[in-house]
Amino acid sequence: MQALCAASLRCFARRGRGKSCVPLRQQAHYHGLMPAPQEPPVDPPADSYVQTASPTVVHTPDSGYAWFRLLVSLLLMTIGNAGMWVIPVVLPVVQAEFQIGRADAALPYTLMMIGFGLGGVLMGRLSDRFGLFRPLLGASLAIGAGFVLAALSNNILSFALAHGVLIGLVGCAVTFAPLMADTALWFARRRGIAVAVCASGNYLAGAVWPPVMEHFIATEGWRATYIGVGLFCTCSMGLLALLMRQAAPSAQAATGPSSVDQQRERPFDLPPNIATAALCVAGLSCCVAMAMPQVHIVAYCTDLGFGAAQGAQMLSIMLACGIISRLVSGALSDRIGGIRTLVLGSALQCTALLLFLPFDGLVPLYIVSAMFGLFQGGIVPSYALVVRENFSPKQIGMRVGTVIMFTMLGMALGGWMSGKVFDLTGSYHAAFLNGIGWNLLNLVIAVTLLMRLRKKQSESDPN
């Protein structure tokens with residue numbers, strides 16, 4: 001109390017001299033006589049709630065979300081690749097209804113494969129820029145519209161264009177190379193097996209869709225079946241696309257511990273475009289060879305007198321063994337790398353093609369067909385791994401799409417070329433030799449790239 005009275009007297013004296021005075025309550029606070037005044041609560045700005053919200057969950061490579069995303073990618077590829085496998089089933093019915101020849105009836109498949117290859121590059125570039133969600137959503141609508149418009153077609157031209165543009169170029173193209181490229185970004189330790197599992201969706205589609213289409217075409221007709229398949233693809237793929245909105249990890253996060261930045265600037269010690277061109281030629285040549293048994297095994301069995309049914313069974317065995325091959329090759333690539341897996345697969349495929357020459361009995365052909373499936377199934381996915389391991393992740397979608405486009409062109413070229421060689425020579429032995437020659441070209445390119453990679457690694461790390 002005495003201190004408070006003294007403070008009051010000093011205040012009056014200062015005012016008398018024309019000076020300001022500190023309020024008595026504040027002086028009392030300074031001397032510890034009264035509690036500090038409480039400031040009234042102030043409401044935070046409206047946008048502060050947004051700033052203090054919990055951050056978005058960021059998933060990392062090899063996480064549980066990465067494996068969940070792989071499962072979604074497998075389903076998307078199995079559904080989205082329906083267009084590749086429904087045409088062989090519907091082809092005889094369409095040919096009879098439109099009253100056209102076999103060559104004209106094969107036009108939808110040809111246009112779809114061309115669109116599939118070209119679309120892989122375009123959609124890969126779009127996925128690099130915008131992520132997978134938008135291209136997948138557009139693909140779901142395009143595939144549905146393509147099947148419906150094909151069902152409403154009155155001539156082979158409109159039927160073929162629906163397959164080539166909507167189903168192939170805009171639709172199926174998103175559900176192959178871009179999905180493999182995205183999967184490669186989400187895995188570091190188990191990248192090989194993950195890409196192999198994703199790529200197996202293509203063969204799963206070949207196992208699932210033909211019997212489904214055959215059943216409903218026989219009971220409901222091909223037009224109603226096409227409309228039903230289109231609606232199913234649009235709804236299911238649209239829902240699955242919602243699960244793919246998370247952007248891929250950054251380049252640094254997705255890179256494995258053994259990657260070297262300098263190698264990505266000059267893959268195989270080559271300019272990136274030159275290295276991509278070499279992989280494109282390799283992909284073209286390996287698939288020209290691969291197409292020979294896959295496209296002509298049924299006709300080959302017919303010429304040998306075994307019948308088309310036996311050839312169809314051999315083709316089914318090839319595809320089934322191809323799934324096993326992709327999984328085993330993927331696990332192997334996690335240990336030895338993508339380029340070594342490519343070299344091994346190319347050498348084994350060439351060996352299987354050679355075995356078709358001396359063995360033309362029924363049982364030996366079954367065995368050789370199974371061996372061919374086991375040897376070749378992991379080749380195409382290995383290209384995605386080679387690109388991921390040696391090129392910049394920022395362009396992985398575009399470059400994987402470009403290489404896969406050439407593998408598709410190789411399949412189309414190989415099927416036609418083998419038939420042309422047979423027409424000129426009257427023998428499938430010459431067609432097998434043609435395939436072996438293309439396979440050797442692929443093997444030379446793969447071995448050359450491997451040697452350049454090993455040389456670059458030894459120069460960068462002398463120890």
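At what angle do α19 and helix α20 pack, and how far apart are their axes? In this predicted model, α19 and α20 (residues 396–425) pack at an angle of about 150°, and their axes lie 10 Å apart.

**Packing of α19 and α20**

- Angles over 145 degrees count as roughly antiparallel; α19 and α20 are therefore roughly antiparallel to each other.
- The crossing of these two helices, α19 and α20, is right-handed.
- On the α19 side, the contact is made by V380, Y383, A384, V387 and R388.
- On the α20 side, the contributing residues are I396, R399, V400, V403, I404 and T407.
- By class, the residues of the contact of α19 with α20 divide into eight nonpolar, one polar and two charged.

**Largest pocket**

- The volume of the largest pocket is about 2,000 Å³.
- The lining of the largest pocket comprises 46 residues, of which P88, Y109, Q294, V295 and L315 are the closest to its centre.
- At least two lining residues of the largest pocket come from each of α5 (82–98), α6 (102–105), α7 (107–130), α11, α15 (272–303), α16 and α20.
- With nine residues, α16 gives the most to the lining of the largest pocket.
- The lining of the largest pocket is made up of 34 nonpolar, nine polar and three charged residues.

**Cavities**

- Three cavities of 30 Å³ or more are counted in the model.
- For the largest cavity, the volume is about 50 Å³.
- G192, A196, R326, S329, G330, S333, T341, G378, P381, S382 and L385 line the largest cavity.
- Two or more of the residues lining the largest cavity come from each of α11 (191–220), α16 (308–336) and α19 (379–390).
- The element that gives the most to the lining of the largest cavity is α16, with four residues.
- By class, three nonpolar, seven polar and one charged residues form the lining of the largest cavity.

Note on methods: Residues are numbered from 1 along each chain as its sequence is written. This is a predicted model: local features need pLDDT of at least 70, side-chain atom pairs count only at pLDDT 80 or more; totals for chains, interfaces and linings use all residues. Side-chain values use heavy atoms; hydrogens and water are left out. On a 1 Å grid over the protein atoms alone, a cavity is a set of points where a 1.4 Å probe fits but cannot get out, and a pocket is an open set with protein on both sides within 12 Å along at least five of seven lines; lining residues have an atom within 4 Å of a point. Grid points are joined across faces, edges and corners, and a volume is the space filled by probe spheres set on the points. Ala, Val, Leu, Ile, Met, Phe, Trp, Tyr, Cys and Pro count as nonpolar, Asp, Glu, Lys and Arg as charged, and the others, Gly among them, as polar. Axes are lines fitted to C-alpha atoms, for helices over the stretch in contact, and angles run from 0 to 180 degrees between N-to-C directions. Angles under 35 degrees count as roughly parallel, over 145 as roughly antiparallel, 65 to 115 as roughly perpendicular and the rest as oblique. A crossing is left-handed if the near helix is turned anticlockwise from the far one by less than a right angle, and right-handed if clockwise. Contact means heavy atoms within 4.5 Å.
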